[in-house]
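Subject: Structure handover

Hi,

Here is the structure we talked about. Please open it and keep it beside this email while you read.

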Amino acid sequence: MKYYIKTYGCQMNHSDSERIASVLEAAEYEKVLLEDKADLIVINMCSVRKSAVDRVAGNFKRYKKYKKKNQNLKIVLTGCVLESDRERFEKLFDLVVDIKDMNSWLHSSHRSGAVEPKYKSFANRFHSPTGLWSQQSYFKIKPNYKSKFSAYVPIMTGCNNFCSYCVVPYTRGREYSRPVEEILDEIAKLVKKGYKEIILLGQNVNSYQLNCESKIINQKLLATDNLAIGQFDNKTIDFPNLLKLINNIPGDFWIRFLTSHPKDMTEKLIKTVAECEKVTPYIHLAFQSGDNEILKKMNRKYTAEHFLDLVKIIRKYIPNVAITTDVIVGFPTETEEQFQKTAGVMKKAKFDMVYINKYSPRVGTVSAKLEDNVSWKEKKKRENILTGILKRTALENNQKYIGKIQEILIDKIDGNFIYGKTKSFKSVRIELKIKNISDSASGQELKIKEGKFLKIKITQASAWGLKGKIK
């Protein structure tokens, strides 16, 4: 039996797909690169944006053609699925199952030797009101990592924030922090295998918090550099403490984390990022709107002034930091004046990258009850204005790298070019004229290949990336 996984959405969705692939391969399914060659297609989708939902539905005609050619083909939809989307997709696909119940479904179906067809009661009998037990078992699945040098490591899932436009609390459930021992064990094993980039994931990663009675973990924390005994109460491990523990794992690797909420971005966390040499100077901090009235309607629990103060504190402790963010344009009732406040925040914050989203209502969320009174044309216009601001600030930030020596992690070698990322998550392209060079310090041959660190000198900058040459 052969399988194919199609993933939509954020890094957490891609991490989920790695775990799904692991279970399928343990059940002796074979991965194929073309979906029309599969006996099982798993669609891991995201309901956060309506456009993603529409793309999944739009592909159904293609899947129907596959089913005519292969009568044994089963198509399963999972991921962040809203109840309103579920009703729509249950008419199209063989089975729709919550990602938090995916582990139970996979183990059950494969014990019986087949992927079961669409029965609503089948999915329901694995339903957990809290999702807690299935979250625990989900995290214990060993992922089939897509990369051999960069790994997603989820440390928590779910969200308690209930932003008025967001579906995550309804699709992922409430926040659940993964046990520290599991996180450290997974990362230590990855580092021993030569992984160079560890990306910690969570819908709200900096709200990680775990009550921990483990004497082993407590002793490790108390022995950690820069962590005084008085800072730890022997009961609770928060995200800064977790970062320090991971930073103390022996090895040459980088630590990144996604994604952060401003209400949980504390000075303690910012100082920890600055102090831990393996934690990269890159912070993604979504501000969504620069108008306080709109932020209140979004239920974001902070003000534009607070956000800008955070940016100042971050730059104070981490001068070489790259800050990226998310913005929503055209939220219900957003006036031109309110939009201009968002533009003002962007000009002051000088972001390195901004992911701009045009608001679209999602059934089941609080904001869906508001009138979507900003036209699509106006949303597009506002998006273009913010993109113009971003181009200027991103270029200004990137030009500061010119002439500087940077260490990059090589992502890809394609023809005569090397592609990689700096520690601050800047994309870099280097022209490669020879396959090997000599290490000027030792005289030893230095092999250039994917998943290795390389020192380069930045020679050019654009708004969207850098160019360099081998040092």
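Start with one term: buried means under 20% relative accessible area, exposed means over 50%, and partly exposed is in between (1.4 Å probe, protein chains only). This is a predicted model, so local features need pLDDT of at least 70, side-chain atom pairs count only at pLDDT 80 or more, and totals for chains, interfaces and linings use all residues. Residues are numbered from 1 along each chain as its sequence is written, and side-chain values use heavy atoms, with hydrogens and water left out. Helices (H or I, at least four residues) and strands (E, at least two) are DSSP runs, numbered from the N terminus.

Salt bridges

Side chains of opposite charge can pair when their charged atoms come close. The rule used here: a side-chain nitrogen of Lys or Arg lies within 4 Å of a carboxyl oxygen of Asp or Glu. How many salt bridges does this rule give? The count is 23.

Look at Arg178 and Glu186. They form a salt bridge, with the closest N and O atoms 2.7 Å apart. Arg178 is buried, because its relative accessible area is 3%. Glu186 also counts as buried, at 9% relative accessibility. Both belong to a network of salt bridges that links Arg19, Arg178, Glu182 and Glu186.

Next, find Arg362 and Asp85. Their side chains meet in a salt bridge, 2.7 Å from N to O. Arg362 sits in the loop between E15 and helix H16 (376-399), and Asp85 sits in helix H4, so the pair ties together parts that are 277 residues apart in sequence. Are these two buried or exposed? Arg362 is buried, with a relative accessible area of 4%. Asp85 is buried too, at 6%.

Then take Lys67 and Asp94. Their salt bridge is 2.9 Å from N to O. The pair links distant parts of the chain, 27 residues apart: Lys67 is in helix H3, and Asp94 is in the loop between helix H4 (83-89) and strand E5 (95-96). Lys67 counts as partly exposed at 25% relative accessibility, whereas Asp94 is buried at 13%.

A positive patch

Now turn to the surface. A patch of positive charge gathers Lys2, Lys37, Lys61, Lys64, Lys65, Lys68 and Lys69. Patches are made of residues with over 30% relative accessible area and no salt bridge; like charges are joined within 9 Å, and nonpolar side chains (Val, Leu, Ile, Met, Phe, Trp, Tyr) within 5 Å. The areas come from the Shrake-Rupley method with a 1.4 Å probe, and for residues only the protein chains shown count as cover. Lys and Arg count as positive and Asp and Glu as negative, while His and the chain ends are not counted. The place of a charge is NZ of Lys, CZ of Arg, CG of Asp or CD of Glu.

Which helix gives the patch its largest share? Helix H3 (residues 60-69) does, with five residues. Lys37 lies in the loop between strand E2 (30-31) and strand E3 (40-46). Lys37 is exposed, because its relative accessible area is 52%.

Strand E18 and its partners

Two strands pair if DSSP finds at least two bridges between them. Strand E17 (residues 417-422) pairs with E18 in the antiparallel sense, over five bridges. Phe417 has Glu431 of E18 as its bridge partner. The hairpin of E17 and E18 has four residues between the strands, and Phe425 takes a positive phi near 70° there.

E18 also pairs with strand E22 (residues 466-470), in the parallel sense and over three bridges. Here Val428 is partnered by Leu466 in E22. The side chains alternate along E18 (residues 427-431).

Backbone details

A cis peptide bond joins Leu258 and Thr259, with omega about -5°. Thr259 is in the loop between strand E12 (254-258) and helix H12 (267-275).

Phe162 has a positive phi near 50°, and it is not a glycine. Its place is the loop between strand E7 (156-157) and helix H8 (168-171). Phe162 is partly exposed, at 29% relative accessibility.

Lys350 also has a positive phi, near 55°. Lys350 is in the loop between helix H15 (336-349) and strand E15 (353-358), and it is partly exposed at 34%.

Best wishes
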